[in-house]
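Work through the exercises below with the model open. Try each task before reading its solution.

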Amino acid sequence: PYVVTVLLLIAAALLETQTTQYTGAGLLTTVGHLAMNFAVQLIAIIAMRSIGLFCRHYNCHLAW
């Protein structure tokens, strides 16, 4: 389970570095850039929720 969470975080970080701004581009390019930005946000949200689930599940083992 930890590997999945780390892979999601890495995927979000790598996709975030590949996204660009979509101003002044054609319609098809703008749609592609918006889709890439949406995919990054979706992966980041799933990664954050999985971290929260780990915290809730393993709360008895964490000393904080």
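Buried means under 20% relative accessible area, exposed over 50%, and partly exposed in between (1.4 Å probe, protein chains only). The model is predicted: local features need pLDDT of at least 70, side-chain atom pairs count only at pLDDT 80 or more, and totals for chains, interfaces and linings use all residues. Residues are numbered from 1 along each chain as its sequence is written, and side-chain values use heavy atoms, with hydrogens and water left out.

**Exercise 1.** Is Thr5 buried or exposed?

Step 1. Locate Thr5: helix H1, residues 2-18. Helices are DSSP runs (H or I, at least four residues), numbered from the N terminus.
Step 2. Apply the cut-off. Thr5 has 7% relative accessibility, so Thr5 is buried.
Step 3. List its contacts (heavy atoms within 4.5 Å). Leaving aside residues up to four places away in sequence, Thr5 touches Ala47, Ser50, Ile51 and Phe54.

**Exercise 2.** Classify Ala13 by its relative accessible area.

Step 1. Ala13 also sits in H1.
Step 2. Its relative accessible area is 42%, so Ala13 is partly exposed.

**Exercise 3.** At what angle do H1 and H2 pack?

Step 1. Take the axes, lines fitted to C-alpha atoms over the stretch in contact; angles run from 0 to 180 degrees between N-to-C directions.
Step 2. H1 and H2 (residues 27-57) pack at about 155 degrees, axes 9 Å apart.
Step 3. Angles over 145 degrees count as roughly antiparallel, so H1 and H2 are roughly antiparallel.
Step 4. Name the contact residues. Among them are Thr5 and Leu8 of H1 and Ala44 and Ala47 of H2.

Technical notes: Helices (H or I, at least four residues) and strands (E, at least two) are DSSP runs, numbered from the N terminus. Angles under 35 degrees count as roughly parallel, over 145 as roughly antiparallel, 65 to 115 as roughly perpendicular and the rest as oblique.
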